[in-house]
Amino acid sequence: MNRRDFIKLLGTATGSTLVASCGVQRGTEKLIPYLVPPEDGLIPGQPLFYPTTSTECPEHCGMMVKVHEKPIANNRYGRFPVKLEGAPGHPINDGTLCIRGQASITRLYHPERLKDPLVRGADGKLSPVTWEEAYAKIAKALGASRGRGHRNVYLSGRTTGSLSALIDTFCNRMDIERLPEFEVFSYAALREAHGVLFGERAIPAYKIEQADFLLTIGADILETYISPTNHAVQLSRAKKQHRFEWFHVEPHLSLTGMNANERFVVNPGSEVYLLLFLLSHLKRNNRLNGTVSGDLLASIPDLPIEEVSRRTGLEADRLSELARPFDRARNPLVITGGVSASQESGLDALVLTGMVQWLSGSHHALIDFARAENYSRVGTAHDANKLSDELQGNQIGVIFLSKTDPVSHLPPSFKESLRNAQLRVGLSDMSTQTMEVCDIVLPLSHSLESWGDAEPRKNISSIIQPVLNPLHNTRAEGDILLQLLKAGGQDEPFSTYQEYVLKRWKTRYGEAALEAVLKSGYHETNVERADVQLQEGRVAEYLSDLRLPESVDTPVLMITPSIRWFDGRSSDLPLLHEIPDPVTTISYGRWVSVSEQTARRQNLKDGDEIRLTSSNLSLTLPVNVLPGLQGEVYLVHYGMIDSLPLPTSENTGERISYISGLTIKKTGRRTKLPILSGAVSLQGRGIIPYPVHGEVEHHGPVTLYPEKKYKDYRWAMAIDLDLCIGCSACVAACYIENNIPIVGEKEHLTGREMSWIRIEQHNDADGRGNFVPMLCQHCGSAPCEPVCPVFAAYHNAEGLNAQIYNRCVGTRYCSNNCPFKVRRFNWFDHDWPAPMDKMLNPDVSVRTKGIMEKCTFCVQRIRVAKDAAKDESRKVRDGELIPACAQTCPTGAIVFGNLLDHDSRVYELSHSKRAYRIFDDLGVESAIHYLAKDHRTVES
Amino acid sequence: MLKRIVIPALALGPPALLALLVLGGGSMPCPNPPIQGVFGRLDPRCWFTSAPAPTQPIAFSHKIHVSRVGLPCTFCHIYVDKSRRAGVPSVQKCMSCHSVIAVDRPEIKKLHRYWNDKEPVPWIKVHNLPEHVYFSHKRHIKAGLECSACHGEIKNVSVVRQVSSLKMGWCVTCHRAKKASIDCLTCHK
């Protein structure tokens, strides 16, 4: 008897017992017809796609929402978004979406969303009321506070487009003062610097795509800086289209830094010296041929290179290495931002950056003020401090706090002063620290439940349209304002915000444009180039007054933005805890990263708890030793610690993200951190080969497996490691597309994470990152297949390494035999508490306890593509079938296709000189070719 | 084949034998309705026949609509060649005829009540597939299969019941015979 017959008999015997004892429940499922068929062409069983705009961060990427029909209560169907995808052709993100954008669908279904309007009762607790009661209370308080001579104010996060216009109308008519908007990343110093340089306090669009040399100083262009998804898209185009070199300077370690061709670590606060060095280099070698006035050039101070070297901590030859590309590059681009801008000398650094850019001669080609970001309403930390003072002076009556969380970002004194307002009205989708001090909390609908629009840049308007009715008793901010106007006795022509938005679009762009926008999602206005001119006199004056900064005292605590949580707002989403931070590979928890030197000196290991204290701060956090980080720098992400007492820069109003004057003490306690990567070095395993096609010993033709023959398709993938930036958007997309459960910290600590695709990090000795997306390799001779006793794992005729869930009995032999560790076992049944069950992709089974699961190359999408192709009696065309990971990848690093089609992109890339397969010497014939980076040395 | 099942069943003792007896008891009649008892379980005797014919909220007769009136299946099941699901006609579709036809019949009056109450008719689903199965009506229709190949002679019955087992073996037999794909991933999602 062979093993299959044995299992078969076992099945027969136990199966028949089951039949006799249990029976099957039948006849309970309903088949519900429509009352009236839908008019928008929805075909039952097939998804619809609607264009809309992401509101998870201020970048406002264009999205396509995939909507499925699902049965709800009372014999009805509801429509529910199941996946967000980038809108193809959108001027910002062009069909891609970042990790936060992908995860933002979970915000809609978040079980902890605010579900009803809440009013604080006499007992100090918030309890649900009706909307009308809440409105009446607000209207009464507004009148009362005006009577007492108090000011009523409206504070929001960055708001653009129709909503901003409506807030203006609302505030004017209700005699409310609209305050400058509160954003943690206000780019105040950058705007101020452009005011000094060009008389235009704006945030321009950077044309990274057209640069051949990019120098970024502190700017986290891939994480949060201004328009990160757009930067990634442009970076990829630049790399593909022409010679492109990228240097990054930073005092810490960021994902952006890990991706640059060269990374220069400087002492904190020494960027000004470095920029002055570059300026004096350009003073001698600029291409402006004397168009810049002599006075201006003369005002640039000359520093001896030894001084620059001493201050920055960079050797003289490293400094000249940094300056050299300016001589050979046609279009150099310099961007300073992030931690280098949010420091005491941030304005100086940004003005000097503007000068470097101007003298390099490519300012007009690469920096576009006509397509500037709409940030004019965003305030600075000065505005927040002023509000705090006014609150303390009892000048404020009613304060509206809409979609903003100043309490968790500002020092604790702000929370105290907020209590002095007569009435605090909060508008939010979830309970935040700010909402906890509010007297009335109005629950906001998610942007997928409401109408609206966004104007991230001067030339881009992007529509927000609802794809489902609000899940809870929530309303859109626009509707609330219109209803408050009515409650305040004002005559209001618009009954809904939808009317307001559509009317505004019709007036601004015309009926035809609106029709087009409802299909495409965005409207791009043609704008003329607006060439700004350097205010030479002003800049010369500025430079002559320049005071060179003192060194920043170490040890220093640096608060840095992270790709997962932005300024902390996205930490509400459990998925963004489940997916590890790509820099540290830690998933859950809070930690402080320290350098290897610090760890050695203080005898710290991963998980050792330390206490950081300064005059107004006391923090206790576990340590993560971060290779690549240098010196006495301690790193913490925004969102990990609330109400940090960060100082404000006097001249710009930028919040300084450094806290120095620290004492560090080891507490002796240990916390277990879920660090998902065992080691970031290659340990000689050759996952990234160097040199490419080196002397790897192949087993060659000696194989015991029969040769695999494929007829129509051999699905395969090519992943370009030169383009992969480790942003983990693919991971988030995979989670949502494939109904992968979130298992939590406890499971992560035991190594039971469930991600089907992960970002492996293998670092160079000098901290440059090599990111390897690791997923099922769909091996031609897969080691997992022959060990499965029940044929749940098998190889199909199209090259897919299939896993049949209801055949799987959970022996886990396959997982043990997989050299790539990409198979995941369900140790438990995972819950999808309502309304999260509505988020499930109906095309993918939800796996239960005891089942092995893994990447399927999105077989559900393969089915759909083959179905469409069969309808037209043809084969699937190259490019029409894209798995979720490849679709969302901002840099287009992942290419999927049919290896048998010799014209396909995947065939071309798999036969590139850079192509190699991981563990090829095992003879597993994997279907994924990785394309190694050029000109790289890798520690092995 | 029988020997291969009976021998290990003997080895496994009385429960398996009992099960075999029950399974083999095809001669015992399957009651109608086949769902019995407080727990709503399928009567074990109906395992082979697997033919629940649930009582529908309206005693709709396919026989009248197809055989007597002559409507093609796709008149009502409009998505059958467009989607995985065949689709049930909307109440509006029923009303497009029945606002004038046979309005005095009791069953049609039931339909009117649903329509006036703006309630969809809660039909009981007769053909159920497990959740892990991907099935597309469209592919089967486009391959030239008749509806009756799986659903039986619907045109002759007034109460619909399941006539095919809809079990994997039944699917695969046909797939083999018609040289359709028998790759697991074709149907297992």
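These notebook entries record what I looked up in the predicted model of chains A and B.

**Entry 1. Conventions**

I number residues from 1 along each chain as its sequence is written, and chains are lettered from A and ligands numbered from 1 in the order in which they are written.

**Entry 2**

I looked up an open sheet of 3 strands in chain A, with the order β2-β3-β4 and antiparallel pairing. Strands here are DSSP runs of E with at least two residues, helices are runs of H or I with at least four, and both are numbered from the N terminus. I take two strands as paired if DSSP finds at least two bridges between them. The edge strands are β2 (48-53) and β4 (76-86) of chain A, each of which pairs on one side only. On average, neighbouring strands of this sheet are turned by 35 degrees against each other, direction ignored. For this angle the axes are lines fitted to C-alpha atoms (for helices, over the stretch in contact), and angles run from 0 to 180 degrees between N-to-C directions.

I then followed β3 (residues 62-72) of chain A, which is joined to the antiparallel β4(A) by 10 bridges. Met63(A) stands opposite Gly86(A) of β4(A), and Pro71(A) stands opposite Tyr77(A) of that strand. I note that β4(A) is mostly covered, with 8 of its 11 residues buried. A residue is buried if 20 or more other C-beta atoms lie within 10 Å of its own, exposed if 12 or fewer do, and partly exposed in between, with C-beta atoms placed from the backbone.

**Entry 2. Positive phi values**

Most residues other than glycine have a negative phi, and most peptide bonds are trans. I found that the hairpin of β3(A) and β4(A) has 3 residues between the strands, and that Asn74(A) in this hairpin takes a positive phi near 60 degrees. Is Asn74(A) buried or exposed? Asn74(A) has 9 C-beta neighbours inside 10 Å and therefore counts as exposed.

Ser728(A) lies in the loop between β28 (715-720) and α26 (729-737) of chain A. Ser728(A) counts as buried because it has 27 C-beta neighbours inside 10 Å.

**Entry 3. Strand β15 of chain A and its partners**

I next looked up β15 (residues 396-402) of chain A, where 7 of its 7 residues are buried. Strand β7 (residues 151-156) of chain A runs parallel to β15(A), and 5 bridges join them. Another 5 bridges join β15(A) to β16 (residues 423-428) of chain A, also in parallel. Ser402(A) of β15(A) is the bridge partner of Ser156(A), and in β16(A) the bridge partner of Ser402(A) is Leu427(A).

Pro555(A) is placed in the loop between α23 and β21 (556-560) of chain A. I record a cis peptide bond between Thr554(A) and Pro555(A), with omega about 0 degrees. The peptide bond from Ala834(A) to Pro835(A) is cis as well, with omega near 0 degrees. Pro835(A) sits in the loop between β33 (824-825) and β34 (852-853) of chain A.

**Entry 4. Chain B**

I count 10 helices and 3 strands in chain B, in the sequence pattern α-α-β-β-α-α-α-α-β-α-α-α-α. Of the 189 residues in chain B, 18% are buried. Two residues are in contact if their C-beta atoms, placed from the backbone, lie within 7 Å. Among contacts in chain B between residues at least 6 apart in sequence, 53% join residues at least 24 apart.

Chain B is divided into domain 1 (2-45), domain 2 (57-87 + 125-189) and domain 3 (89-122), with bounds from an automatic or database domain assignment. The C-alpha centres of domains 2 and 3 of chain B lie 25 Å apart. I find 4 residues of domain 2 of chain B in contact with 7 residues of domain 3 of chain B.

How values were computed
Predicted model: local features only at pLDDT ≥ 70, side-chain atom pairs only at ≥ 80, totals over all residues.
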